[in-house]
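Welcome! Please take a look at the sequence and the structure below, and then let us walk through them together.

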Amino acid sequence: MRFLALDVKILPVPAQRGLSGPFFYGLLCCVAFNVLGGVKNVLADEFPSLRRQADIVRLVRQDCGSCHGMTLAGGLGPALLPALLHDKPAESLVATILYGRPGTPMPPWGDFLSENEARWIVDKLQKGFPDEP
Amino acid sequence: MSLNTMVAVLAASLLSACAAPQLRGTGDLGVVIERAKGRVEIVETSGRSVLGKVDGLGDLSHASLNYSRDGRYAYVFGRDGGLTKVDLLEQRIVKRVMQSGNSIGGAISQDGKLVAVANYTPGGVKVFDSNTLEQVADIPALDETGKSSKVVGLVDAPGNRFVWSLFDAGEIWVANLKNPASPVLEKFRNIGKEPYDAMITADGRYYLAGLFGEDGLALLDLWDMPSGVKRILNGYGKGEQKLPVYKMPHLEGWAATGNELLVPAVGRHEVLVVDQNHWQEVGRIAVHGQPVFVVARPDNRQVWVNFAFPHNDTVQVIDVPSRKIVHTFKPGKGVLHIEFTPRGEQAWLSVRDENRVEVYDSESFEKLGDLQADSPSGIFFTHRAHRTGL
């Protein structure tokens, strides 16, 4: 089995706490092409496991939902629906999750979620967040 | 009368006898919100059982309710702006209206004739006839600049008044609805940053709003409105690093125990003890996490506390005279609400992730049993019908 791997990785500049300034974020592109087996995602280990995904979906719906609404249509916190988030820079949303937004009620979730998990949440929020099984 | 007629009459009277509802009161009834299903359970506390379920209430992910003064109907306020009138005895929806895009709670007037709903989107209060759910008043929450504000902490007050707070604008409004067609409003501005919830003392005299944006509480004495809103417990955590708050405390359950008020601190794992005569902090009780509900047992001897994520699997009981924690236990993940039976011998807890409501003896702390409920959140017993602010 032979891999042709194109691995371009530009690490994002650590997000500023407070999110007031501009963000530098780079393209993260990591593509592997398995000549024999077709396209394969070699980043699989960077995404949460299926079981962890289920936990995260529950966390977002139930716990983020206590301010943003279980349907994510908003509450005391703003709505988190794709129509509002799809064109926002993902990195700034990731930083908001991990570090919170000082000066607002949004707390930091970095003690409970890794950066990759936050990235996975943002990706799902921008596309339409899954329901709990 | 022919034989046929006689048989028909006999059959009809038998049928009506069967259909005649069994008479019962509502004083031992309650409603449990099944938040994920848009459904409520009707429960009774005498035999600790589920009498039935009523479906079709929309998005109940954040829901609360008030009772009609006869204790028969529940007015359920859903997250999606739905207002649903549920008949506890017939276990059915009487009427349902979508009155806004996003609501947080409501209140019923002193005379029982008006139901007011606090809305986030668009921000404001709408008032409905409690009988028909016809809208009788619409009061948008616009600040001086015309900007819309989310409404929180809506309660009823003596004199057929409603009181609420504007989260974004930092204001408290008092509305007199003796004449519902033309509400008389009194507005108090600059009461503090981000009032997130409020309560009224059981006598209907003091309205207290908790502030999220700064340390302290805003206090309005409804017996002395000209004196305006006072700030109390200013900077109660000065110089201390605030801890993150993963769920807003609720103030409906603030515990008034005689001369003392026990309130959740914000961003601190403490319950604050406030002297009601001088409105000063007289003590702090270290607790397991960020308190959410701080609920007094009806005799005021004990206060039960639940907590925000990630400590929401735990409940603590405070002995009020000694201000000591006398019991800590873990019913399961997602303890969302605590409700005492009317005279307090039992505490009912909703345990969201275990899909059950647990019932405890409030003196021995022994678990008496549980009831199945799908992702239960709020538990509301009908004795609230006769309490100001609930």
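## A walk through chain B

In chain B, 42% of the contacts with a separation of 6 or more are between residues 24 or more positions apart, where contact means C-beta atoms, placed from the backbone, within 7 Å. This is a predicted model: local features need pLDDT of at least 70, side-chain atom pairs count only at pLDDT 80 or more, and totals for chains, interfaces and linings use all residues. Residues are numbered from 1 along each chain as its sequence is written, while chains are lettered from A and ligands numbered from 1 in the order in which they are written.

Here are some overall values for chain B.

| Property of chain B | Value |
|---|---|
| Buried residues (20 or more other C-beta atoms within 10 Å of their own) | 51% of 390 residues |
| Box of the C-alpha atoms along the principal axes | roughly 90 × 50 × 35 Å |

Chain B has 1 helix and 32 strands, taken as DSSP runs of at least four residues (H or I) and at least two (E).

Four of these strands deserve a visit. An open antiparallel sheet in chain B has the order S16-S17-S18-S19, with strands counted as paired if DSSP finds at least two bridges between them. Strands S16 (195-200) and S19 (229-232) of chain B each have a single partner strand, so one side of each lacks a neighbour in the sheet. S18 (residues 217-221) of chain B is joined to S19(B) by 4 bridges, and B:Leu220 is found opposite B:Val229 in S19(B).

Finally, chain B meets chain A: the contact takes 20 residues from chain B and 17 residues from chain A.

How values were computed
Two residues are in contact if their C-beta atoms, placed from the backbone, lie within 7 Å. A residue is buried if 20 or more other C-beta atoms lie within 10 Å of its own, exposed if 12 or fewer, and partly exposed in between; C-beta atoms are placed from the backbone.
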